[in-house]
Amino acid sequence: MTYDPLDVPADPATPFQPRSGQRGSGFLTDPLRLGTTPSATVGPYLAIGLTWPDGQWAAAEGTEGGIWIRGRVFDGAGDVVPDAMLETWQADPDGGFPSPEDPRGASSHPGFRGYARVQTIDPPGEFGIHTLKPGRVPDGEGGLQAPHIDVSVFARGLLDRVVTRIYFADEAEANAEDVVLQGLSADQRATLLATPTEDGYRFDVHLQGERETVFFAV
Amino acid sequence: MTGTTSGSRLQLPRYLREDASLRTPVGFPDYKSTGLRAPLRTPVDLPHRLTEITGPVLGEDRVVQQDTDLTWRNGGEAVGQRILVHGRVLDSDGRPVPDALVEVWQANAAGRYRHVVDNWPAPLDPHFDGLGRVVTDSLGRYEFLTIKPGAYPWGNHHNAWRPAHIHFSLFGRAFTQRLVTQMYFPDDPLFGQDPIYNAIPAAARHRAISRFDLERTQDNWALAFQWDIVLRGTDQTPFETDDDGDVA
């Protein structure tokens with residue numbers, strides 16, 4: 001008996017089976033992916049929506065061991081940026097995060113929020129964050145990162161935030177072992193080091209120029 | 001969402017990055033202010049570790065009742081077209097983001113911001129400050145009542161006008177998910193000449209535009225616009241490495 005491809009039975013012998021599980025097949029077994037919402041600048045009027053009276057207190061006023069991190073943001077002409085906003089996020093002195101996303105469990109350090117939001121309104125054009133010096137955090141590869149603070153900078157003229165990290169100039173030993181710093185040149189590392197002051201540290205951000213801060217793609 | 005500790009190795013989620021062809025660049029020459037501000041060097045890749053995959057818990061205690069209704073301030077009602085703005089906050093896996101803080105700010109109906117820097121000759125409204133806040137519910141939904149913001153001139157180039165927009169600031173669960181953006185209204189005739197809108201790659205611009213929502217429009221009260229916001233999601237199939245770094 002010859003096979004006739006045009007002799008189609010009224011009822012197929014087996015029900016239709018999608019070719020599921022084939023990567024790139026276009027069937028719904030591929031993970032659902034929605035396009036992310038594009039970012040936009042905070043613009044010049046961010047103070048309306050993003051001012052928090054308690055913004056600078058990553059560690060509450062009076063918390064034992066509290067330090068101030070102060071600094072300014074400079075543009076490519078060397079001028080102070082008078083309308084930037086910085087946000088910081090960091091571990092507590094024991095290296096824990098007050099976040100349920102930490103697979104080791106959320107930490108709870110008295111008076112510590114770990115997050116600050118401040119603006120550089122001119123005058124004086126300087127921000128100040130009251131916090132605790134972070135401890136060392138596992139790097140996920142068997143080592144420890146040096147104490148660091150993740151920083152987002154937002155401003156008119158930046159269509160997306162830019163991200164950098166604060167490290168501490170007086171942590172030379174830990175810094176030498178840090179997996180992120182190890183990937184940078186000495187000049188690049190220098191842009192990330194906060195320098196000791198009377199009541200904490202100073203950390204300036206240079207958006208452009210010879211001393212342009214190292215920014216990270218996250 | 002969270003990984004497990006295995007020895008000294010941590011299994012961490014990895015947040016996916018939108019393709020560069022669909023992301024707003026940090027700088028855009030037609031938007032003049034980016035010239036001296038947008039960094040010029042290529043950013044250094046930062047693999048996601050504990051600091052990047054965690055984030056602050058900021059919730060209900062930052063929001064008061066009046067924050068979800070911008071149309072009533074100082075004992076009176078704001079002038080303008082009353083609108084309900086609502087939608088969902090999702091991650092790119094399509095999962096709702098509950099308990100997320102959403103902060104919004106905007107110009108009044110005449111296109112004037114209540115800010116010392118904004119001094120163009122349009123009237124301020126004593127009953128409108130332009131600030132709103134809301135926390136998403138268990139299904140990632142948000143909504144607030146406001147008035148439709150006006151367009152305004154901004155001096156970027158001759159006869160430059162910003163299309164009507166509402167500024168949005170969002171926290172997800174992780175540092176990587178942080179988003180500040182602007183919501184536009186459908187069919188705005190000012191889109192074509194606006195460099196902030198046009199800085200968004202063409203294929204992603206529709207994601208910044210809300211949809212007129214007749215169903216949620218309230219009879220004799222308010223028009224409605226719907227806008228879903230998508231934050232970065234995680235790689236759903238993270239592979240675990242053993243002590244030799246091999247994929248287990």
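**Exercise 1. Thr36(A)**

Decide whether Thr36(A) is buried or exposed, and find which residues it is in contact with beyond four places in sequence.

Solution. Step 1: Thr36(A) belongs to the segment before helix 1 of chain A.

Step 1: a residue is buried if 20 or more other C-beta atoms lie within 10 Å of its own. Thr36(A) has 25 C-beta neighbours inside 10 Å and therefore counts as buried.

Step 2: apart from neighbours within four places in sequence, the contacts of Thr36(A) are Glu18(B), Ser92(B), Val230(B), Leu231(B) and Arg232(B).

Step 3: for a distance within chain A, take Asp178(A), which is 142 residues from Thr36(A) in sequence and 32 Å from it in space, C-alpha to C-alpha.

**Exercise 2. The nonpolar core**

State how many residues the largest nonpolar core has and which have the most contacts inside it.

Solution. Step 1: the largest nonpolar core has 104 residues.

Step 1: Val153(A), Phe154(A), Val89(B) and Leu170(B) have the most contacts inside this core.

Step 2: setting aside neighbours within four places in sequence, Val153(A) is in contact with Val73(A), Ala84(A), Leu86(A), Arg161(A), Val162(A) and Val205(A).

Step 3: as background, nonpolar side chains in soluble globular proteins tend to be buried together.

**Exercise 3. Strand 7 of chain B**

Explain why strand 7 (residues 101-105) of chain B is described as largely enclosed, and identify the strands that bridges join to it.

Solution. Step 1: five of the five residues of strand 7 are buried, so the strand is largely enclosed by the rest of the structure.

Step 1: Leu101(B), Glu103(B) and Trp105(B) point one way, Val102(B) and Val104(B) the other way, and all are buried.

Step 2: five bridges join strand 7 to strand 8 (residues 131-135) of chain B, running antiparallel. Four bridges join strand 7 to strand 12 (residues 165-170) of chain B, also antiparallel.

Step 3: Glu103(B) has a bridge partner in each: Arg133(B) in strand 8 and Ser169(B) in strand 12.

**Exercise 4. Chain B as a whole**

Summarise the make-up of chain B and the confidence of its prediction.

Solution. Step 1: chain B has two helices and 16 strands, and its C-alpha trace spans about 65 × 40 × 30 Å along the principal axes.

Step 1: of the 248 residues in chain B, 40% are buried. Among contacts between residues at least 6 apart in sequence, 72% join residues at least 24 apart.

Step 2: chain B averages a pLDDT of 92, and 92% of the residues score at least 70. The pLDDT is below 50 over residues 1-7 of chain B and under 50 over residues 238-248 of chain B.

Step 3: for the model, ipTM is 0.92 and pTM is 0.90.

Note on methods:
Residues numbered from 1 in each chain as written. Chains lettered and ligands numbered in written order. Predicted model: local features only at pLDDT ≥ 70, side-chain atom pairs only at ≥ 80, totals over all residues. Buried ≥ 20, exposed ≤ 12 C-beta atoms within 10 Å, placed from the backbone. Contact = placed C-beta atoms within 7 Å. Core = buried A, V, L, I, M, F, W, Y, C linked by C-beta atoms within 7 Å. Pairing = 2+ DSSP bridges. pLDDT = per-residue confidence, 0-100.
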